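Reader: I'd like to learn how to read the packing in a protein model. Could you walk me through it, one feature at a time?

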Amino acid sequence: MPTTRDKAQVTLPSDREVKVTRSFRAARPLVYRAYTESALVQRWLLGPPGWSMPVCEMDVRVGGRYRWRWRSDTDASEFGFAGTFREVQPPSRLVHTQTYDPGTVGDANPMSEALVTVTLTEDVGLTTVTTLIAFGSKQARDAAVATGMTDGMEQSHQLLDRVLSEQPRA
Amino acid sequence: MNIYSSDRLDATFLALADPTRRAILARLARGEASVTELAKPFAISQPAISKHLKVLERAGLITVGQDAQRRPRRLDGKPLGEANAWLEQYRAIWDANFERLDGLLEELQRGPSASMRTRRRTRR
């Protein structure tokens, strides 16, 4: 059982892009499933601590749509993402558009459509997932990254610790 | 929140977007150095190094020391810390998601079909 887990690497390859890289101790087809089956996605893609994901609809095929929505446990406010799949190549590549849905959270960070490219590579049981998010502009990129700086995130480390300690570990 | 969208943050990331400048910062992290000393490990001219140093200086990442003769460059960690903090919060959200994904993948590997089926049935 791995005790030391990989940390996500976040880099800014250009003015309009963010790249997130992370490795998982699992075979690539399994990781691909966790990224494409809504019942599985819903269990891990929960965003900031204190948010749940009540809506996770994914029609994973070229031209298919997806809709993700998160809800705050504390005040029931909501926001989400939606988009269309452009490329679907199991188990190695997934390209989709992504538009911010301000929900009840509002338009604090208005963003144009972004293009998300997810690439999975495997090296003997270790699957590396690279997520490249290309925004329409530098402003949109910076606003997206800055969502991590919104009010609720001030106590994020504290909350994060709590959430992680609550995760069932075998 | 304003300081995180400031020109200074832009200047920091611009300065960090070059491998030579990152190498210079890594060198300065070990202690101050003159332009000549900094240029030595690189296969580029001293004027080219000076140009990189100017970018780093403008971003506030390095300062010039008192010694008028050597004019040693020093690392200033503050802007780096700000830039890191800006990305760190964003990274924390991804990390929280990925830690959950770790747990899910472990579970699927242990007894995928059994645990998933019961979970789905009890939820509906």
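This is a predicted model: local features need pLDDT of at least 70, side-chain atom pairs count only at pLDDT 80 or more; totals for chains, interfaces and linings use all residues.

Reader: Let's begin with the core. Which residues touch the most other members of the largest nonpolar core?

Author: The largest nonpolar core has 51 residues, and A:Trp68, B:Phe98 and B:Leu101 touch the most other members. Helix H5(B) gives the most to this core, with 10 residues. Apart from this core lies another one of 16 residues, including B:Leu25 and B:Ile62.

Reader: What is B:Leu101 in contact with, leaving aside its neighbours within four places in sequence?

Author: B:Leu101 is in contact with A:Phe24, A:Ala34, A:Tyr35 and A:Trp44, once those neighbours are left aside.

Reader: Now the sheet. In what order do the eight strands of chain A run?

Author: The general idea comes first: strands of a sheet pair through backbone hydrogen bonds, either parallel or antiparallel. Here the sheet is open, the order is S1-S2-S8-S7-S6-S5-S4-S3, and the pairing is antiparallel. S1(A) and S3(A) stand at the edges with a single partner strand each, so one side of each has no neighbour in the sheet. On average, neighbouring strands are turned by 20° against each other, direction ignored.

Reader: How many bridges join S3(A) to S4(A)?

Author: Six bridges join these antiparallel strands, and A:Met58 stands opposite A:Tyr66 of S4(A). Their hairpin has six residues between the strands, and A:Gly63 there takes a positive phi near 90°. S4(A) and S5(A) pair over seven bridges, with A:Arg69 opposite A:Gly80. In the hairpin of S4(A) and S5(A), A:Ala76 takes a positive phi near 65°.

Reader: Which strands does H1(A) lie across?

Author: Helix H1(A) lies across S2, S3, S5, S6, S7 and S8 of chain A, running at about 155° to S7(A). H5(B) packs on the sheet too, touching S1, S2 and S8 of chain A, and its direction makes about 30° with that of S2(A).

Reader: And how do I read two packed helices, say H1(B) and H5(B)?

Author: Two packed helices are described by the angle between their axes and the distance between the axes. For H1(B) and H5(B), the angle is about 95° and the axes are 10 Å apart. That makes H1(B) roughly perpendicular to H5(B). Among the residues making the contact are B:Leu9 and B:Phe13 of H1(B), and B:Trp86 and B:Leu87 of H5(B). The residues of this contact divide into eight nonpolar, one polar and three charged.

Note on methods. Residues are numbered from 1 along each chain as its sequence is written. Chains are lettered from A and ligands numbered from 1 in the order in which they are written. Side-chain values use heavy atoms; hydrogens and water are left out. Axes are lines fitted to C-alpha atoms, for helices over the stretch in contact, and angles run from 0 to 180 degrees between N-to-C directions. Helices (H or I, at least four residues) and strands (E, at least two) are DSSP runs, numbered from the N terminus. Angles under 35 degrees count as roughly parallel, over 145 as roughly antiparallel, 65 to 115 as roughly perpendicular and the rest as oblique. Contact means heavy atoms within 4.5 Å. Ala, Val, Leu, Ile, Met, Phe, Trp, Tyr, Cys and Pro count as nonpolar, Asp, Glu, Lys and Arg as charged, and the others, Gly among them, as polar. Two strands pair if DSSP finds at least two bridges between them. A nonpolar core is a set of buried Ala, Val, Leu, Ile, Met, Phe, Trp, Tyr and Cys residues joined through side-chain atoms within 4.5 Å. Buried means under 20% relative accessible area, exposed over 50%, partly exposed in between (1.4 Å probe, protein chains only).
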